[in-house]
Amino acid sequence: MHLIRLVYASKVEYDLEEADINAILNASKQNNLEKNITGALCYSNRFFLQCLEGSRLDVNALYHHILADGRHSQSAILQYSEIDQREFDDWSMGYIPPALVSGQLISKFSGKADFDPYSMSGESCYLLLKALASLGITES
Ligand SMILES: Cc1cc2nc3c(=O)[nH]c(=O)nc-3n(C[C@H](O)[C@H](O)[C@H](O)COP(=O)(O)O)c2cc1C
């Protein structure tokens with residue numbers, strides 16, 4: 001089995017409700033556990049940044065499924081790598097809420113004050129997710 005990590009970002013064009021996030025996390029918990037997919041999802045400044053880890057075929061299938069979700073658009077893959085081990089293996093989908101996405105961390109990893117993953121390298125996005133996850137993450 002090829003273990004891979006896929007990091008992508010997408011945009012939200014409307015005011016996302018807490019119920020939307022909860023619905024995404026509930027679906028993630030159920031589906032990702034079944035497929036042995038782990039990862040982290042960050043939402044801030046109307047951007048999603050998500051890391052998916054698991055078997056190549058399962059992660060690809062899930063990404064294409066998520067792409068069709070009307071709650072976001074303009075998705076772009078920022079990083080796709082074969083990996084030896086998972087970074088987020090404790091979480092079927094760990095959630096990092098906007099309150100944790102501080103200006104200090106954003107400027108450390110992006111050099112800018114506002115969170116905009118499209119302007120960041122894939123590696124910086126991955127490292128930012130790791131740093132955010134170490135601050136506190138909500139199990140989905
Ligand atoms: C940004 C974002 C991330 C998502 N992440 C996942 C995920 O990791 N796993 C998952 O099963 N669904 C995820 N979803 C939800 C799926 O798009 C979909 O709504 C859910 O899997 C239920 O699909 P179904 O209605 O075909 O059963 C995500 C949706 C969005 C907008």
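Start by selecting cysteine 42: setting aside neighbours within four places in sequence, cysteine 42 is in contact (heavy atoms within 4.5 Å) with Phe47, Phe48, Leu49, Ile96, Val101, Phe115, Leu129 and Leu132. A word on what you have open: this is a predicted model, where local features need pLDDT of at least 70, side-chain atom pairs count only at pLDDT 80 or more, and totals for chains, interfaces and linings use all residues. Residues are numbered from 1 along each chain as its sequence is written, and side-chain values use heavy atoms, with hydrogens and water left out.

A nonpolar core here is a set of buried Ala, Val, Leu, Ile, Met, Phe, Trp, Tyr and Cys residues joined through side-chain atoms within 4.5 Å; buried means under 20% relative accessible area, exposed over 50%, and partly exposed in between, with a 1.4 Å probe and protein chains only. The largest such core has 24 residues, and those with the most contacts inside it are Cys42, Leu49, Phe88, Ile96, Phe115, Leu128 and Leu129. Colour by element and you'll find that strands E1 (3–11), E2 (38–44) and E3 (47–55), plus helices H3 (103–110) and H4 (122–135), each supply at least two residues of this core. Helix H4 gives the largest share, seven residues. Helices (H or I, at least four residues) and strands (E, at least two) are DSSP runs, numbered from the N terminus.

Now pick Ile4, Tyr8, Ile37 and Leu52: they are among the 19 residues of another core, apart from that one.

Stay with H4 for a moment and select alanine 133, which sits in this helix. Is alanine 133 buried or exposed? Its relative accessibility is 9%, so alanine 133 counts as buried. Beyond neighbours within four places in sequence, alanine 133 is in contact with Phe88 and Ile96.

Finally, zoom out to the cartoon. The protein chain has four helices and five strands, in the order β-α-β-β-α-β-β-α-α along the sequence. Its C-alpha atoms fill a box of roughly 40 × 30 × 25 Å, taken along the principal axes. Buried residues make up 49% of the 140 residues in the protein chain.
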